[in-house]
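Biologist: Thanks for sitting down with me over this one. Could you walk me through the model while we look at it together?

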Amino acid sequence: MKYKLLGNTGIKVSELCLGTMTFGGKGIWTAIGGLEQKPVDELVKKSIEGGINFIDTANVYSEGVSEEMTGKAIRNLGLKRDDLVIATKVRGKMNEGPNGSGLSRKHILQEVDASLKRLSMDYIDLYQIHGYDQQTPIEETIETLDSLVKNGKVRYIGCSNLAAWQIMKAVSYSGHNHFSKFVTLQAFYTLASRDLEREIVPLLKDQNIGLMVWSPLAGGLLSGKYKRNGEGEAGARRINFDFPIVDKEKAFDVIEVLESMAIEKEFTVAQLALAWLLHQKVVTSVIIGAKKASQLADNLLSTKVMFTEAELKKLDEVTKLKPEYPGWMLERQGADRRK
């Protein structure tokens, strides 16, 4: 397990991060998983034993139950809180009232306290906005998040599922006013969907913002469980929850390449798909979730995979994005002034 700096900070996190969306299974989250406390404790234990020091959750996961179970697992296992980097999120609907969701000062302040209570912790290492809120000025959101850093409830702030212009607007406002900046983006990035490379990856590199990858196997599509004809293993996630959106024909072209490569390298398709992300310099940490300890053990082995330049080129050729404007024009005009 390697450890990387979390964006433009001095804190180090494991290259794999334990995701907790399978914990609890309440409400709409039953489609993802419904683990009870004992298997949750086992997953956390095996993660720590595998070198993971980074755990990601969110207030909306199983309507708060995921945070509760995460905190309880840490206590049950007798883990030292300060040895771990705990991330959670705010934005989603937590009640039916008019202020039950969003990124207003009121909602953030009440939700950070609720998350701390559920986690049974006195601080959160990385507090992320879970998306954009069109009704709240980004200035209000940033000022509120900055106050949480200053009062010690939060160490760092991050964002998730934002457009490039939204990230840049927030970072610019923070910089101009000497407020805390987003140090990470949590986003969907995978061999089956490299859309992030058009606008956001260049921004992250320019601003030294860390990238946390969610759904690295494209909702299980790159696990090797599914066939081009739509068949999948009984109980497989995409059978009941077909998300996130990907070009499935292109994804299966990737899977065919991975299958032949997996045989040659004696790894699984899923391990190779995760390892490709670990080979991308922009990636700080890849979030892995699991329903079973065997799935987690399989994912942990992705850190052992080494690709040759020829193998990386082969994967790039089958997954690279089609040129779009202004990208192709920037490439053409910038040919004589490259760094």
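Biologist: Which residues does His107 touch, leaving out those up to four places away in sequence?

Modeller: Happy to start there, with the reminder that this is a predicted model. His107 is found in helix α3, residues 105–119. Not counting residues up to four places away in sequence, its contacts are Val90, Arg91, Gly92, Asn99, Gly100, Ser101 and Gly102.

Biologist: And is His107 buried or exposed?

Modeller: The cut-off for buried is under 20% relative accessible area. His107 has a relative accessible area of 0%, so His107 is buried.

Biologist: Which elements do the buried residues of α5 pack against?

Modeller: The buried residues of α5 are Ala164, Gln166, Ile167, Ala170, Val171, Tyr173 and Ser174. In an α-helix, residues three or four places apart point the same way, because there are 3.6 residues a turn. The partners of the buried residues of α5 are α4 (138–150), β7 (154–160), β8 (182–188) and α6.

Biologist: Which residue follows α5, and what is its phi?

Modeller: The residue after α5 is His178. Its phi is positive, near 60 degrees.

Biologist: What kind of ring pair do Tyr173 and Phe179 make?

Modeller: The structure holds seven aromatic pairs. In the pair of Tyr173 and Phe179, the ring centres are 5.9 Å apart and the planes are at 45 degrees. Planes under 30 degrees apart would count as stacked and over 60 as edge-to-face, so this pair is tilted.

Biologist: How do Tyr173 and Phe179 each count, buried or partly exposed?

Modeller: The line between the two classes is drawn at 20%. Tyr173 has a relative accessible area of 19%, so Tyr173 is buried. Phe179 has 24%, so Phe179 is partly exposed.

Biologist: Which residues do ring pairs link into a cluster?

Modeller: Here the links are again ring pairs. The cluster they form is made of Phe188, Trp214 and Phe243.

Biologist: Now the pockets. Which element supplies the largest share of the lining of the largest pocket?

Modeller: The largest pocket holds about 1,200 Å³ of space. Of its 44 lining residues, the closest to the centre are Ile32, Ser215, Gly219, Arg237 and Gly289. At least two lining residues come from each of α9 (269–278), β10 (283–288) and α10 (293–300). The largest share, four residues, belongs to α10.

Biologist: Which element gives the most to the lining of the second largest pocket?

Modeller: The second largest pocket has about 640 Å³ of space. Its lining has 20 residues, and the closest to its centre are Glu197, Arg198, Pro202, Gly327 and Trp328. By class, they divide into eight nonpolar, two polar and ten charged. Both α6 (200–207) and α12 (327–333) supply at least two lining residues, and the element that gives the most, with four residues, is α12.

Methods
Residues are numbered from 1 along each chain as its sequence is written. This is a predicted model: local features need pLDDT of at least 70, side-chain atom pairs count only at pLDDT 80 or more; totals for chains, interfaces and linings use all residues. Side-chain values use heavy atoms; hydrogens and water are left out. On a 1 Å grid over the protein atoms alone, a cavity is a set of points where a 1.4 Å probe fits but cannot get out, and a pocket is an open set with protein on both sides within 12 Å along at least five of seven lines; lining residues have an atom within 4 Å of a point. Grid points are joined across faces, edges and corners, and a volume is the space filled by probe spheres set on the points. Ala, Val, Leu, Ile, Met, Phe, Trp, Tyr, Cys and Pro count as nonpolar, Asp, Glu, Lys and Arg as charged, and the others, Gly among them, as polar. Buried means under 20% relative accessible area, exposed over 50%, partly exposed in between (1.4 Å probe, protein chains only). Contact means heavy atoms within 4.5 Å. Rings of Phe, Tyr and Trp (its six-membered ring) pair if their centres lie within 6.5 Å; planes under 30 degrees apart count as stacked, over 60 as edge-to-face and the rest as tilted.
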